[in-house]
Amino acid sequence: MPDDVKTPPAVDEHQPLGQATFSSFADSTAEDWTKIVAAAKVFNRNHVDRVLDHLKMLEGDCGGFPVSRLEHSLQTATLAHRAGKDEEYVVCALLHDIGDTLGCFNHPDIAAAMLKPFVSEQNYWMVEKHGIFQGYYFFHHIGLDRDTREQFRGHPHFEYTAQFCHLFDQPAFRKDFDSMPLEAFERMVRRVMSVPKNSIYNRADSDNALG
Ligand SMILES: [Fe+2]
Ligand SMILES: [Fe+2]
């Protein structure tokens with residue numbers, strides 16, 4: 001680098017405008033929140049990177065399954081993509097098991113909560129309930145009722161969710177599958193998760209206070 005080109009100062013993305021000074025929310029001021037919102041907007045720019053980094057944590061973890069949890073996720077998304085499902089659906093397929101590391105006893109809730117601001121109510125329901133619907137294919141092997149999903153029979157999203165598990169989730173454990181790499185899905189995830197449609201921080205004008 002030539003001597004006359006100065007290296008830009010490092011940006012502390014957590015403190016772009018300094019820090020608020022309150023010790024309780026009740027004492028906070030609009031000036032404090034201007035700083036916090038500015039910091040949040042910078043931090044939120046890397047949201048999808050953090051999501052993808054977390055998904056990568058499923059690599060190498062087989063948990064006794066024939067393939068790693070990441071490979072299973074890639075196969076599920078690849079099957080959905082090749083079946084012509086739209087981008088939002090494919091992203092749901094890719095991330096449906098992202099909660100495996102943190103939600104050992106309720107993993108679908110983790111993915112559903114992460115996707116909720118960005119997807120339709122139908123896709124949210126599908127991701128949230130996929131654990132119960134997936135159980136149709138194995139619950140009877142571990143002393144559970146494979147028909148647990150029947151409690152939702154007649155629900156408008158029953159068949160939609162059953163189809164997801166039948167076509168894309170339960171068959172996605174092949175050792176010889178030519179799954180698409182994670183990089184092939186990155187731009188889809190960025191597009192789907194770029195603007196929250198349903199967030200408590202959305203203003204009346206549909207702008208997001210933190211986005
Ligand atoms: Fe799952
Ligand atoms: Fe799965």
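Among contacts in the protein chain between residues at least 6 apart in sequence, 54% join residues at least 24 apart, a contact being a pair whose C-beta atoms, placed from the backbone, lie within 7 Å. The model is predicted: local features need pLDDT of at least 70, side-chain atom pairs count only at pLDDT 80 or more, and totals for chains, interfaces and linings use all residues. Residues are numbered from 1 along each chain as its sequence is written, and chains are lettered from A.

**Overall fold**
- The protein chain has eight helices and zero strands, taken as DSSP runs numbered from the N terminus (helices H or I, at least four residues; strands E, at least two).
- Of its 211 residues, 27% are buried, that is, with 20 or more other C-beta atoms within 10 Å of their own.

**Helix H7**
- Thr161, Phe164, Cys165, Phe168 and Asp169 of H7 are buried.
- These residues lie on the same side of H7, because they cover an arc of only 115° around the axis, taken from the directions from the helix axis to the C-beta atoms.
- The buried residues of H7 pack against H3, H4 (87-95) and H6 (121-134).

**Packing of H3 and H7**
- H3 (residues 69-82) and H7 (residues 158-169) pack at about 105°, with axes 9 Å apart; axes are lines fitted to C-alpha atoms over the stretch in contact, and angles run from 0 to 180 degrees between N-to-C directions.
- The two helices are therefore roughly perpendicular (65 to 115 degrees).
- Thr76, Leu79 and Ala80 of H3 meet Leu167, Phe168 and Asp169 of H7.

Notes
Angles under 35 degrees count as roughly parallel, over 145 as roughly antiparallel, 65 to 115 as roughly perpendicular and the rest as oblique. Two residues are in contact if their C-beta atoms, placed from the backbone, lie within 7 Å. A residue is buried if 20 or more other C-beta atoms lie within 10 Å of its own, exposed if 12 or fewer, and partly exposed in between; C-beta atoms are placed from the backbone.
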